[in-house]
Amino acid sequence: MSQQMTSKVELELPAGPVVTERRASLRWLMLAVGLVVVLALPWFVYPPVAMDIAAWGLFAISVDLLLGYTGLLSFGHAAFWGTSAYATGLIAIHVGLPFPVAVIGGAVVAMVIAVPTGYLAVRRTGIYFAMVTLAFAQMLYFIANQWRDVTGGENGLQGIPKSFFGIELVETDSFYFYYAAIPLILLGVLIAWRIVNSPFGRVLVAIRDNPARARALGYDVERYKILVFVLSAGLAGLAGGVFSISHGFASLQELVWTTSGKVVLITVLGGIGTLWGGPLGAAVVVLLEDKLASSGFNGIGIITGTIFVVIVLAFRHGIWGTARNGVNAWLHRRRVKSGQSM
Amino acid sequence: MSAFIQYTLQGLANGGFYALSALGLAVIFGVLGVVNFSHGACYMLGAVISAVLLDQLGLGFWVALPLVTVLMFGFGVLMERLLVRWLLKLDPLYNFLLTFGVTLFLVDFVKRRYGVSSLPYQVPAGLEGRVEIAGVGLSKYLIFAALFSVLVCVGVWMLLTKTRIGMIVRASTENAERSRALGINVGRWVTPVFGFGIALAGLAGVLAAPFRAINADMGSTFIIILFAVVVIGGLGSILGAVVAGFLVGLVEAYGQGYAGQFSQVLIFVLMAAVVLVRPAGLFGREEAA
């Protein structure tokens, strides 16, 4: 394992990338490839499925922001994804605003909900943090289930329109809708990337690696945690809003704890602390579920549960983390070799 | 008044399941440092296995009670040996995730095999009907379930405080490192303790079988409430698990009786209040952060 952390954090995170010039150019290349893949996706995958991948990808990034960069496992992130799914839907139905505005409105509502939740949850760390967030998500689930007049209870919120400035192609054709909605997802990814690569992001990593030291250096650890929690909730909300607009409905499924679990699965599968792993994990899980569902197999949990167990037991760096470690090792070997030949 | 007594009994019976299961969760956490997400699924398995025993082999409640508990002990031992053991040295989050994966597997496995509709089960012979106490008709089985849970909790308490095994387990819970230094082989107790915790969850499942709907999803809400219970009680604390279990059971029952539709939210409000005032839980100690 390539990490040389002196701290006590036992999560197996890949070492932070050392940006040499070659790495920087490699990074731009990868970014370009990523963008092409995102834009080409609905040509190869059924567009609504492509939209699901994008939404789950951003959702996973929001979880990674907490888990990978701050060392907090939120096991209740469905609260923000689901709250925004409902809020976005309600705005789109009752106010009739174009869907990007509704989605941003939904994300704001998710952030508002995240303030008290985060305030309470950051009082505990580690496994307790996971349980507290999980419990709050379940509370929202119960509320959505009981508040039938607004949420539609078990029927969910149906008939959410894709209003988009009267452009019919976007409103009816899921292929064009993808291109209208993907900027929202990319905006979320950009925000996450900015957060991670900012001084604020470095403080988060410092808190992850050694909270006591960060505190000793004068950082208000709790405030940083609440702030990143709320930002992460906003990203989850952005993803959840796009998801509900894309599907045209919001259901209790969006708030249930298995959804919180699924996004953590996607994040770990992609690789925690990598940011880019999220969309990769999302692609694998969404495509797999789509395949299983269309083949009529009713026991998806048997497969996803097994995958989860295997990843956690034997593959903890995830897809991206393993690939990155592989590339790092290869580059290192090459450098050693060229050093010898000189 | 009669309604109040009804709710109290209902609350104590529900609280009994929570207390039993939370006790298992607390013991496992204490000795292994693992938060077992699959505890709700094990509770569900306990109930489903008793229903299957009755349906396939005609074995009733009184046979199922000890048999399922032993079976679940075995299941726990297997799970610890095959899976949990490999992650014990790592951050506890990994075992939390592992057991979450196990939960997904178990729930969908049962769903695939036995469908989503509830399996039938009857109230065991001798405990049908109601008994008149102080002019209030109370279900005999609920009284039995509440008393039995209290009895098991007391039994476990005695086991932990009055026996040598209990002393070792408590010492390992308190401080595994120091226990080791004093010559106790903590590692030897890891597997049986895990099995024991799972067996308690299974036992709660059997007890729940006669009056709860038995299906693959019955553990889904249960596990979340269980987490609220251990957050309220303080995860490391065995006494806390039992007290908070009964407390949450009562809050839930009174809530359903008097507060109507938002009753389940009450549990989480209680949890939020505890986290706010005493982050470590009612009986917990402040963790080093």
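Residues are numbered from 1 along each chain as its sequence is written, while chains are lettered from A and ligands numbered from 1 in the order in which they are written. Because the model is predicted, local features need pLDDT of at least 70 and side-chain atom pairs count only at pLDDT 80 or more, whereas totals for chains, interfaces and linings use all residues.

Confidence comes first. The complex receives an ipTM of 0.82 and a pTM of 0.86 from the predictor. pLDDT is the predictor's confidence in each residue, from 0 to 100. Chain B has a mean pLDDT of 85, and 98% of its residues reach 70 or more. Chain A also has a mean of 85, with 92% of its residues at 70 or more. Residues 1-9 of chain A stay under 50.

Now take chain B. Its elements are 11 helices and 2 strands. These are DSSP runs, numbered from the N terminus: helices are H or I with at least four residues, strands are E with at least two. Along the sequence the pattern reads α-α-α-α-β-β-α-α-α-α-α-α-α. Among these elements, helix α3 (residues 61-82) of chain B has the highest mean pLDDT, 92. Strand β1 (residues 130-133) of chain B has the lowest, 74.

The C-alpha trace of chain B spans about 60 × 45 × 35 Å along its principal axes. A compact globule of 289 residues would have a radius of gyration near 19 Å, and chain B agrees because its value is 19 Å. That radius is taken over C-alpha atoms, and the globule rule is 2.2 Å times the number of residues to the power 0.38. Of the 289 residues in chain B, 53% are buried. Buried means 20 or more other C-beta atoms within 10 Å of the residue's own; exposed means 12 or fewer, and partly exposed lies in between, with C-beta atoms placed from the backbone.

Next, where do the chains meet? The contact takes 38 residues from chain B and 38 residues from chain A. Two residues are in contact if their C-beta atoms, placed from the backbone, lie within 7 Å. On the side of chain B that touches chain A, α4 (92-114), α9 (218-233) and α11 (263-277) of chain B each supply at least two residues. The largest share, 16 residues, comes from α4(B).

The largest nonpolar core has 212 residues. Such a core is a set of buried Ala, Val, Leu, Ile, Met, Phe, Trp, Tyr and Cys residues joined through C-beta atoms within 7 Å. Among the members that touch the most others are A:A135, B:A22 and B:A241. Leaving out residues up to four places away in sequence, B:A241 touches B:A19, B:A22, B:L23, B:L25, B:A26, B:V229, B:V230 and B:G233.

Finally, look at chain A. Helix α11 (residues 221-247) of chain A has the highest mean pLDDT among its elements, 94. A:K162 sits in the loop between α6 (148-151) and α7 of chain A. Is A:K162 buried or exposed? A:K162 counts as buried because it has 21 C-beta neighbours inside 10 Å. Leaving out residues up to four places away in sequence, A:K162 touches A:F99, A:V170, A:E171, A:F177 and A:I245. A:K162 and A:V228 are 66 residues apart in sequence and 30 Å apart in space, C-alpha to C-alpha.
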